[in-house]
Amino acid sequence: MKSPINLFEYEQLAKAHLPKMAFDYYSSGAWDEITLQDNRAAFTRVKLRPKMLVDVSEINLTTKVLGASLQLPLLIAPMAFQCLAHPEGEIATAKAAVSAGVGMVLSTLATKSLEEVATVSDGLQWFQLYIHKDRGLTRALVERAYTAGYKALCLTVDAPVLGKRERDQRNEFTLPPGLHPANLTKISGLDIPQGQGESGLLTYFSQQINPALTWKDLEWLQSLSPLPLVLKGILRGDDALRAVESGAQGIVVSNHGGRQLDGAIASIDALPEIVAAVDGRAEVLLDGGIRRGTDILKALALGAKAVLIGRPVLWGLAVSGQAGVADIISLLKEELTTAMALGGCASLQDIDSSLVRQT
């Protein structure tokens, strides 16, 4: 194949580059993968209503998220085990992100340590957190993230237990020799076990992640550092309102890429209710199903401040490392620029709900 010209072509190339276990881990969703598919289908149900005769000779994509400047309204979502795609893993992703002026959220389950990743990025970088049963471990992770210069904690709230991903179960997913969850192995000796007839990650979650987490625990979490708190995995307006009342400064509307509760609402379908509930008291971002510049435009029109992209970054990483991630970002930037011009929006401030209609 010639050089990919869109994110879908990158996915096809990545499938040829990756071992089956790795590709299935990255690409799969929970159970029947209904929500995984609907994250994409939902964008087709949002129709654009372009404005005509607008001066779009110059398009401005710049924005700020939690006060930090971005060259376009884009962050890289937290994704575990990126060294499955490329030896440089999260390091390559972080370098591409900072070069492009976009944000990055580093996973607790990264295969490069949060300190290593911080040394190659001076841009917008958040640390995604899972609350472990061992509160001392959780405290240590937060303190390390703050010391290393991360700008926010992004708490994943939709994974008290791990969704059942049958492809991982069939493959008995585990990390190959030499790869470990770097943030955990170094301080607690934790690793992803080898499952017998089961995903090693599912076993890890059942053993280590705290399923008893409630809203009351957010106060404790916020006492550990002055970092702003972003909650990732909100799909209801009432939960969004409670998040704001609990001190969250950001909300990521997300269903975990269709990897948790199958049949859950598509992220873009949940977005308007959450934006209305928050009513400007926190910044709202969207994660799930972004594959085109028009998808970003639709999310912004429905009230998102920015979007997060996940799997396409892994496809770029698998195909050509840092250069592949950089090209994924570049393709989305070019597509968003074109979509804004054709939609009659010269800047992000020109994008509002009049631009879309949901069917």
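**The nonpolar core**

The largest nonpolar core has 110 residues, and Phe81 and Leu221 have the most contacts inside it. Helix α14 (residues 311-343) gives the largest share of this core, 13 residues. Another core, of 14 residues, lies apart from it, and includes Leu124, Ala152, Cys154 and Val230. A nonpolar core here is a set of buried Ala, Val, Leu, Ile, Met, Phe, Trp, Tyr and Cys residues joined through side-chain atoms within 4.5 Å. Buried means under 20% relative accessible area, exposed over 50%, and partly exposed in between, with a 1.4 Å probe and protein chains only. Helices are DSSP runs of H or I, at least four residues, numbered from the N terminus.

The model is predicted: local features need pLDDT of at least 70, side-chain atom pairs count only at pLDDT 80 or more, and totals for chains, interfaces and linings use all residues. Residues are numbered from 1 along each chain as its sequence is written, and side-chain values use heavy atoms, with hydrogens and water left out.

Leaving aside residues up to four places away in sequence, Phe81 touches Tyr25, Tyr26, Glu90, Leu109, Ala110, Thr111, Phe173, Leu175, Pro181, Ile192 and Leu201. Contact means heavy atoms within 4.5 Å.

Lys95 sits in helix α4 (residues 89-100). Lys95 is partly exposed, at a relative accessible area of 32%. With residues up to four places away in sequence again not counted, Lys95 touches Val120 and Gln322. Between Lys95 and Asp122 there are 27 residues of sequence separation and 9.6 Å in space, C-alpha to C-alpha.

Key. Helices (H or I, at least four residues) and strands (E, at least two) are DSSP runs, numbered from the N terminus.
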